[in-house]
Amino acid sequence: KIEFQDGCLYRMGHKIKNDAVNEAISLAKAANELFFELTGRRYYVKPILVIAGWYCKCNNGRDMPCLLMNEKQVGAWIKNDTPPSKIDSKDIELLRIKLEQYDA
């Protein structure tokens, strides 16, 4: 069992000495900055730390800086998540095109 409490990860009740949560948050911020640099627009980017094969216990509310879940929970979360603002299909297409060009 993996738990997220008070900004720290715990495995089987023992604090994990790594910075995975802060890394996920930093990567989400970097992705958001890249998206803005490429398109001039801000997008909803929520960091998710996926721990494959473990039972994950976390209050995954909107106010959490990073969500914690296992691989089986990701699809349902994406399907049910409601971004703070609706993303226009044209914005998604613009981002897709810019990312394809960035990767080339």
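## A first look around the model

The side chains of Asp-91 and Arg-41 come together in a salt bridge, 3.2 Å from N to O. Asp-91 sits in helix H3 (residues 89-103) and Arg-41 in the loop between H1 and strand E4 (48-50), so this pair ties together parts that are 50 residues apart in sequence. Keep in mind as you look around that this is a predicted model. Arg-41 itself is partly exposed, with a relative accessible area of 38%.

| Pair | N to O distance | Spacing in H3 |
|---|---|---|
| Arg-96 and Glu-93 | 2.4 Å | 3 residues apart |
| Glu-100 and Arg-96 | 2.7 Å | 4 residues apart |

Which residues do these bridges link up? Glu-93, Arg-96 and Glu-100 are joined in a network of salt bridges. Arg-96 takes part in both pairs of the table, with Glu-93 and with Glu-100. Follow the helix from Glu-93 to Arg-96 and you cover about one turn; from Arg-96 to Glu-100 is again about one helical turn.

How accessible are the members of this network? Arg-96 counts as partly exposed, at 37% relative accessibility. Glu-93 is partly exposed as well, at 35%, and so is Glu-100, with a relative accessible area of 47%.

Now for the inside. In soluble globular proteins, nonpolar side chains tend to be buried together. Here the largest nonpolar core has 18 residues, and the members that touch the most others are Ile-2, Leu-9, Val-21, Leu-49 and Leu-68. Which elements each supply at least two residues of this core? They are strand E1 (2-5), helix H1 (20-39), strand E6 (67-69) and helix H2 (71-80). H1 gives the largest share, 4 residues.

Leu-49 is a handy place to start exploring. Setting aside neighbours within four places in sequence, Leu-49 is in contact with Leu-9, Ala-20, Val-21, Cys-66, Leu-67, Leu-68 and Met-69. Three of those names, Leu-9, Val-21 and Leu-68, were already on the list of core members that touch the most others.

Is Asn-32 buried or exposed? At 19% relative accessibility, Asn-32 counts as buried, because the cut-off for buried is under 20%. Leaving aside neighbours within four places in sequence, Asn-32 has contacts with Arg-42, Tyr-43 and Val-45.

You'll find Met-12 in the loop between strand E2 (8-11) and strand E3 (14-15). At 56% relative accessibility, Met-12 counts as exposed. The backbone is worth a look here too: phi of Met-12 is near 55°, a positive value in a residue other than glycine.

### The largest pocket

One more stop: open space. Rolling a probe the size of a water molecule over the atoms shows where empty space is left. The largest pocket has a volume of about 280 Å³. It is lined by 13 residues, and Tyr-44, Val-45, Lys-46, Trp-77 and Asp-81 are the closest to its centre. What kinds of residues make up the lining of the largest pocket? The lining divides into 11 nonpolar, no polar and 2 charged residues. Val-45, one of the lining residues, is also a contact of Asn-32.

Notes: Residues numbered from 1 in each chain as written. Predicted model: local features only at pLDDT ≥ 70, side-chain atom pairs only at ≥ 80, totals over all residues. Heavy atoms only, no water. Core = buried A, V, L, I, M, F, W, Y, C linked by side-chain atoms within 4.5 Å. Buried < 20%, exposed > 50% of the residue type's maximum accessible area, 1.4 Å probe, protein only. Contact = heavy atoms within 4.5 Å. 1 Å grid on protein atoms, 1.4 Å probe; cavity = no way out; pocket = protein on both sides within 12 Å on 5 of 7 lines; lining within 4 Å. Points joined across faces, edges and corners; volume = space filled by probe spheres on them. Nonpolar A, V, L, I, M, F, W, Y, C, P; charged D, E, K, R; others polar.
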